[in-house]
Amino acid sequence: MSQPRQNRALVIVNTDFCGSDGDVVFATRRGAKREAEKLSKVLSRLNYEVKLMHNKTAKEIEDLYQQECGCEHGEYFVSIISSHGEEGVIFGSDSEPVKLTRIFQILSSEQRRVLTKIPKIFFIQACRGGELDQGVVVECDSGEPEPEREPDCFSHYLSIPPQTAVMFACSPGYVAFLNLSGSMFLRALLKVLEGEERHLDLNRLMTRVNWEVAFCCQARGTYKGCKEMPCFVTNLLEEVLPFSAPIVEEADGV
């Protein structure tokens, strides 16, 4: 009997950003690389073939998703993007924007029927604006804040294709926190994937992530009390359990 196809996961983490002239444009995202590696390791143990990519330009990011369209896929496709961002956009390592709608369109093309049919689940660790509950300026995953402009977030929700779910680190218009120990959002995701909650369907699992971030995470030190609230948007057509596979224990070193 043939073995079922393995699920696939694409993890993209950008930590260093330069413009076309070589000058640094955005702050280095310290702590992002380590948590992306941890998440990749957990996904590998949950029956995912994981591709972990570091510091990719805007074009390289689009190319990576184009490549996924030509791969053999199992029941689910999962992607984690960790980068600087604004509403509806994440930035490549060349500081050029990539529209999330473009990524969704690549994977949902009618010419890619295998990917069109399977659930595609995104986790986006990036700012969606410059707003902050306590009104202070912090090092965060965004470009220059533009508080005078209302984020046009509803159109982005409408552009999410069927069989696609997106979990954003924060609400529209707000910053997403990151420090040396990682981000509030992806740390919470890692915690639930390592625990028994991973057996829940995706909607309930994301509610657990929301609870973890809302009640167990807040900024410390200079920015003590600042909070973050993830935002889950789904156009899935059925309940899915993408992380319910038994964890594969790692072999002891010899």
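By class, 7 nonpolar, 1 polar and 2 charged residues line the second largest cavity, where Ala, Val, Leu, Ile, Met, Phe, Trp, Tyr, Cys and Pro count as nonpolar, Asp, Glu, Lys and Arg as charged, and the others, Gly among them, as polar. The model is predicted: local features need pLDDT of at least 70, side-chain atom pairs count only at pLDDT 80 or more, and totals for chains, interfaces and linings use all residues. Residues are numbered from 1 along each chain as its sequence is written, and side-chain values use heavy atoms, with hydrogens and water left out.

Let me stay with the cavity. A cavity here is a set of points, on a 1 Å grid over the protein atoms alone, where a 1.4 Å probe fits but cannot get out; lining residues have an atom within 4 Å of a point. Grid points are joined across faces, edges and corners, and a volume is the space filled by probe spheres set on the points. By this rule there are 2 cavities of 30 Å³ or more.

I turn to the sheets. Helices (H or I, at least four residues) and strands (E, at least two) are DSSP runs, numbered from the N terminus; two strands pair if DSSP finds at least two bridges between them. An open sheet with mixed pairing is formed by 6 strands in the order 2-1-3-7-8-11. Strand 2 (48-54) and strand 11 (231-234) are at its edges with a single partner strand each, so one side of each is left without a neighbour in the sheet.

Strand 1 and strand 2 are parallel, with 7 bridges; Arg8 has Glu49 in strand 2 as its bridge partner. From strand 1 the chain passes through helix 1 to strand 2 in a right-handed β-α-β crossover, meaning that, with the strands pointing away from the viewer, the path from the first strand over the helix to the second runs clockwise.

Strand 5 (residues 89-91) is joined to strand 6 by 3 bridges.

Terms used. 1 Å grid on protein atoms, 1.4 Å probe; cavity = no way out; pocket = protein on both sides within 12 Å on 5 of 7 lines; lining within 4 Å.
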